[in-house]
Amino acid sequence: MGCGSSTHSRLHQDSISIPLSTAQKYLVRETWETIDAHKNSVGKKTFLSPEFVNLKREELERANALHGHAKRVMKAVENAVTAMDDTESFAAYLEGLGQRHIARALKPSYLDAMQLALIETLQDLLESQWTEETADAWNILFRFIADTMKRGLQKK
């Protein structure tokens, strides 16, 4: 019961959710502890992965811009981990991030490449912690990030 606007708000909130189970959220948080200790190198290695093969590796390794962007990407991943239970505000953040990337001519396919590169980098880092369940959880989280940023890219 209640007014129509509260029902609309609840329906809107229900439509925005990260489809992770409690167990999957636990896996993401547990593995984040390891990732967090190495997040700067994870960010850099992500951009040096084969998914970004068209970019000159030497230029990427030397670029201060790479280091700064890698840190910002990993901060967004950290935000994802801490905001898994506050999807509505996190989705708003991601849509805004997508909108800010319009000026940078970000193509949606770059977000897909980023997901592949991050997954590969995390798998290498986590080694024995990397299981099929862990891979599924991180892929779901990254898919949510990419899809939500893509919605922001589509807004003018």
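**Exercise 1. The packing of α6 and α8**

In this predicted model, the crossing of α6 and α8 is right-handed. Determine at what angle α6 and helix α8 pack, and which residues make the contact.

*Solution.* Two packed helices are described by the angle between their axes and the distance between the axes. For α6 and α8 (residues 132-154), the angle is about 55 degrees and the axes lie 7 Å apart. Angles from 65 to 115 degrees would count as roughly perpendicular and those under 35 as roughly parallel; α6 and α8 are therefore oblique to each other. On the α6 side, the contact is made by Thr87, Phe90, Ala91, Leu94, Glu95, Leu97, Gly98 and Gln99. Helix α8 contributes Phe144, Ile145, Thr148, Met149, Arg151, Gly152 and Leu153.

**Exercise 2. The surroundings of Ile102**

State where Ile102 lies, and identify the residues that Ile102 touches, leaving aside those up to four places away in sequence.

*Solution.* Ile102 belongs to the loop between α6 (87-100) and α7 (108-126). Its relative accessible area is 33%. Buried requires under 20% and exposed over 50%, so Ile102 is partly exposed. Beyond its sequence neighbours, Ile102 touches Gly152, Leu153 and Lys155. The C-alpha atoms of Ile102 and Leu153 are separated by 5.8 Å, although these residues stand 51 residues apart along the chain.

**Exercise 3. Helix α2**

Describe the span of helix α2, locate its bend and list its buried residues.

*Solution.* Helix α2 covers residues 22-37, 16 residues in total. From first C-alpha to last it reaches 24 Å, close to the 22 Å expected. The bend, of about 30 degrees, is at Thr31. Thr31 is also buried, as are Gln24, Lys25, Val28, Trp32 and Ile35 of α2.

Definitions and conventions
Residues are numbered from 1 along each chain as its sequence is written. This is a predicted model: local features need pLDDT of at least 70, side-chain atom pairs count only at pLDDT 80 or more; totals for chains, interfaces and linings use all residues. Side-chain values use heavy atoms; hydrogens and water are left out. Helices (H or I, at least four residues) and strands (E, at least two) are DSSP runs, numbered from the N terminus. The expected span of a helix is 1.5 Å times one less than its number of residues. The bend at a residue is the angle between axes fitted to the seven residues ending there and the seven starting there. Buried means under 20% relative accessible area, exposed over 50%, partly exposed in between (1.4 Å probe, protein chains only). Contact means heavy atoms within 4.5 Å. Axes are lines fitted to C-alpha atoms, for helices over the stretch in contact, and angles run from 0 to 180 degrees between N-to-C directions. Angles under 35 degrees count as roughly parallel, over 145 as roughly antiparallel, 65 to 115 as roughly perpendicular and the rest as oblique. A crossing is left-handed if the near helix is turned anticlockwise from the far one by less than a right angle, and right-handed if clockwise.
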